[in-house]
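Subject: Structure for your files

Hello,

Here is the structure I promised to pass on. My notes on what turned up in it follow below.

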Amino acid sequence: MLAVAVRAGDEGRLDDAEAAFRAVLVMSPGHDDALFGLGLNLMIARRFSEAVEPLARAAGAADAEPVRRQCLAHALFLTGAFSRAAETFAAADTVEPLPDGARLTWARAAAYAALERAPAEAALELYARIAGPLAEPLETVANEGFGVLVAFQRLDAARALGAWLEARDPTNVVRAHELRVLVDPDIDRAPPAYVEALFDDFAERFDRQLVDMLGYDAPKLLSDLVARQGRRFERILDLGCGTGLAAPHLRSFGGRLTGVDLSAAMLAKAAERGDHDTLVHTEAVAFMEDHPGGFDLIVAADVLIYFGDLAPVFAAAAGALPTGGLLAISTELGERGWRLLSSARYAHGDNYVRKTSAPWFQVVEREEIPLRREATGVTTGCLYVLKRL
Ligand SMILES: C[S@@+](CC[C@H](N)C(=O)[O-])C[C@H]1O[C@@H](n2cnc3c(N)ncnc32)[C@H](O)[C@@H]1O
């Protein structure tokens, strides 16, 4: 059964491998090869928190191979248990010096854990000490660390690292906004300068990161929902079009496709893709206000996450659509009202979307979807198709 499990794992049949490893463990509950195999299998499936327990048991024996401790330490790091990860890496290093990648992760884990009790300067010194000659520039480590700590909701540690970064580069508008978000939950929309700088920097990696790593599929799912109306649209607006992921789907509705975005670098990617008839570098709400009755279908995939208060967006979209026109949007699903998240994005409650859009729109379709993977799980999104009254 163990051989069956290993073969299934080698062939990428993760579900079969998991079932077979678990079958071995039913027959022989402490079987350490099966525990280790199961743990690795769960890591490959990105189910890091579930991987910790079998890996901890597989690494528990005093004579366990060092690689088992390293895998456990990686799993702990990927679940945000930085202090335990650092201790486990340190223990593995005393048995056999860690390979370079593991040493760098150890150094990060130790620094992130240290931020809970020590100033940023001291935590980064600890990183440099452990990483030794492998050490990367401290700004790179701090930048990445800020994002990781926010994702795991270690907000005090994130603030400390953010302040260290801001002191080094006070002109960075992205960092300044991300730090402000951690202290002021009332900011009601992302400043355009922040959105522009964020996506200009992100454009090159956007498709790979969102689609391949985070499982983002909202543009297609939103288009599928619009398709249920069985209509064609002459004038389509792809609001916050980004790199143009929605465009191939929107083309199937037949009309002229205009893309609008604040980020020139994202628009350049959309231009390479070549699916829009027109691309405009401007702000979305202002553009809709300037085109009264100008579109039959407006689509905003993963764009309203940069607006807290949606009333100005709905009002502008209502002005840009004739009666019967459609507005298709995705949101990050929140509990009620709008809420600024530590990620600097916004979540919106279902009731809030319905209530705020009600003066102009009727909800004709609604669907909850897995929006994207995050450090701590999958974020739920909500798709709406709204019809102009
Ligand atoms: C997460 S990306 C989504 C891109 C694309 N809609 C997709 O689904 O792949 C958000 C995009 O919206 C753009 N954006 C956000 N707020 C905007 C605004 N107020 N005006 C114009 N574009 C905006 C950003 O520049 C970015 O390209």
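I will start with the inside of the protein. The largest nonpolar core has 63 residues, and the members that touch the most others in it are Leu55, Phe82 and Leu149. Helix H7, residues 100-114, supplies ten residues, the largest share of this core. If you want to look at one of these positions on screen, take Leu55: beyond its neighbours within four places in sequence, Leu55 is in contact with Phe36, Gly39, Leu40, Met43, Cys71, Leu72 and Ala75. Another core lies apart from that one; it has 41 residues, including Val174, Tyr194, Leu225 and Ala246.

Before going further, please keep in mind that this is a predicted model.

Overall figures

The protein has 389 residues, and 50% of them are buried. There are 18 helices and nine strands. The C-alpha trace spans about 75 × 55 × 40 Å along its principal axes. The accessible surface is about 17300 Å², and carbon and sulfur atoms account for 53% of it. As for how the chain meets itself, take the contacts between residues at least 6 apart in sequence: 58% of them join residues at least 24 apart.

The ligand

There are 22 residues around the ligand, and those that come nearest are Tyr216, Gly240, Asp261, Glu283 and Ala284. Helix H12 gives the most to this shell, with three residues.

- Tyr216: an N or O atom of the side chain is 2.5 Å from an oxygen atom of the ligand.
- Asp261: a polar side-chain atom lies 2.6 Å from an oxygen atom of the ligand.
- Ala284: here the backbone is involved, with an N or O atom 2.8 Å from a nitrogen atom of the ligand.

How much of the ligand does the protein bury? Taken alone, the ligand exposes 590 Å², and the protein buries 99% of that.

Salt bridges

The count of salt bridges comes to 34.

Glu283 counts as buried because its relative accessibility, 14%, is under the 20% cut-off. Arg189 has a relative accessible area of 28% and is partly exposed.

Asp207 and Arg273 make another side-chain salt bridge, also listed at 3.0 Å from N to O. Asp207 lies in helix H12 and Arg273 in helix H15 (residues 264-273), so this pair ties together parts that are 66 residues apart in sequence. Both ends are partly exposed: the relative accessible area is 25% for Asp207 and 32% for Arg273.

Arg366 and Glu368 form a further salt bridge, with the closest N and O atoms 2.8 Å apart. Arg366 is partly exposed at 28% relative accessibility, and Glu368 is partly exposed at 46%.

There is also a network: Asp302, Glu332, Arg345, Arg372 and Glu374 are joined into one by salt bridges that share partners.

Arg345

Where does Arg345 sit? Its place is the loop between strand S6 (338-340) and strand S7 (346-349). Is Arg345 buried or exposed? Its relative accessible area is 15%, and since the cut-off for buried is under 20%, Arg345 is therefore buried. Its side chain makes a polar contact of 3.1 Å with the side chain of Glu332. Leaving out residues up to four places away in sequence, Arg345 touches Ile305, Tyr306, Glu332, Arg339, Leu340, Arg372 and Glu374. Among these, Glu332, Arg372 and Glu374 are also members of the network.

Regards

Note on methods
Residues numbered from 1 in each chain as written. Predicted model: local features only at pLDDT ≥ 70, side-chain atom pairs only at ≥ 80, totals over all residues. Heavy atoms only, no water. Salt bridge = Lys/Arg side-chain N within 4 Å of Asp/Glu carboxyl O. Buried < 20%, exposed > 50% of the residue type's maximum accessible area, 1.4 Å probe, protein only. Helix = DSSP H or I, 4+ residues; strand = E, 2+ residues; numbered from the N terminus. Core = buried A, V, L, I, M, F, W, Y, C linked by side-chain atoms within 4.5 Å. Contact = heavy atoms within 4.5 Å. Near = heavy atom within 4 Å. Polar contact = N/O pair within 3.5 Å; in protein donor to acceptor, adjacent residues only side chain to side chain. Areas by Shrake-Rupley, 256 points an atom, 1.4 Å probe, with all protein chains shown as cover.
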